[in-house]
Amino acid sequence: MKPTRVVIADDHAMVRDGLRGMLASDRMLQVVGEASTGAEAVDLAHRLKPDLILMDIRMPDMDGLAATRRIKEEIPDTRVIMIT
């Protein structure tokens, strides 16, 4: 079974580092990218086609809600879990 490919989207590097550290211990999860803005999250979703995005709600450029709407419209198979 292949690991779930995850993108972490949060504007705080410390939060991204913490989430990456927690996920690293699970062999069935693979962090494939990180974004610090909603626009970066949309771009990574298109380029990397992750299985899951952990998305912060409040981010610069484009908030997590708007980014999630775009991702779900354009890449409906990608799941998004909102974090705050």
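Guide: Let's start with polar contacts: a pair of N or O atoms within 3.5 Å, where, within protein, one must be able to donate a hydrogen and the other to accept it, and residues adjacent in sequence count only if both atoms are side-chain atoms. Mind that this is a predicted model: local features need pLDDT of at least 70, side-chain atom pairs count only at pLDDT 80 or more, and totals for chains, interfaces and linings use all residues. Residues are numbered from 1 along each chain as its sequence is written, and side-chain values use heavy atoms, with hydrogens and water left out.

Visitor: What makes Asp 63 a cap for α3?
Guide: A side-chain oxygen of Asp 63 lies 3.1 Å from the backbone nitrogen of Leu 65, and the cut-off is 3.5 Å. That puts the cap at the N-terminal end of α3. Helices (H or I, at least four residues) and strands (E, at least two) are DSSP runs, numbered from the N terminus.

Visitor: Why is Thr 37 called buried?
Guide: Buried means under 20% relative accessible area, exposed over 50%, partly exposed in between (1.4 Å probe, protein chains only). Thr 37 has 10%, so it counts as buried. Thr 37 sits in the loop between β2 (29-35) and α2, and its side chain reaches the backbone nitrogen of Glu 40 at 3.0 Å. Leaving aside neighbours within four places in sequence, Thr 37 is in contact (heavy atoms within 4.5 Å) with Met 59, Pro 60, Asp 61 and Met 62.

Visitor: How do you know that α3 has a buried side?
Guide: Gly 64, Ala 67, Thr 68 and Ile 71 are buried in α3. They cover an arc of only 100° around the axis (taken from the directions from the helix axis to the C-beta atoms), so they share one side of α3. The face turned away carries the exposed Arg 69 and Glu 73. Cover for the buried residues includes α2, β3 and β4 (79-83).

Visitor: What makes a set of residues a nonpolar core?
Guide: Its members are buried Ala, Val, Leu, Ile, Met, Phe, Trp, Tyr and Cys residues joined through side-chain atoms within 4.5 Å. The largest one here has 14 residues, of which Ala 9, Ile 53, Met 55 and Ile 71 touch the most other members. α2 gives the largest share, four residues.
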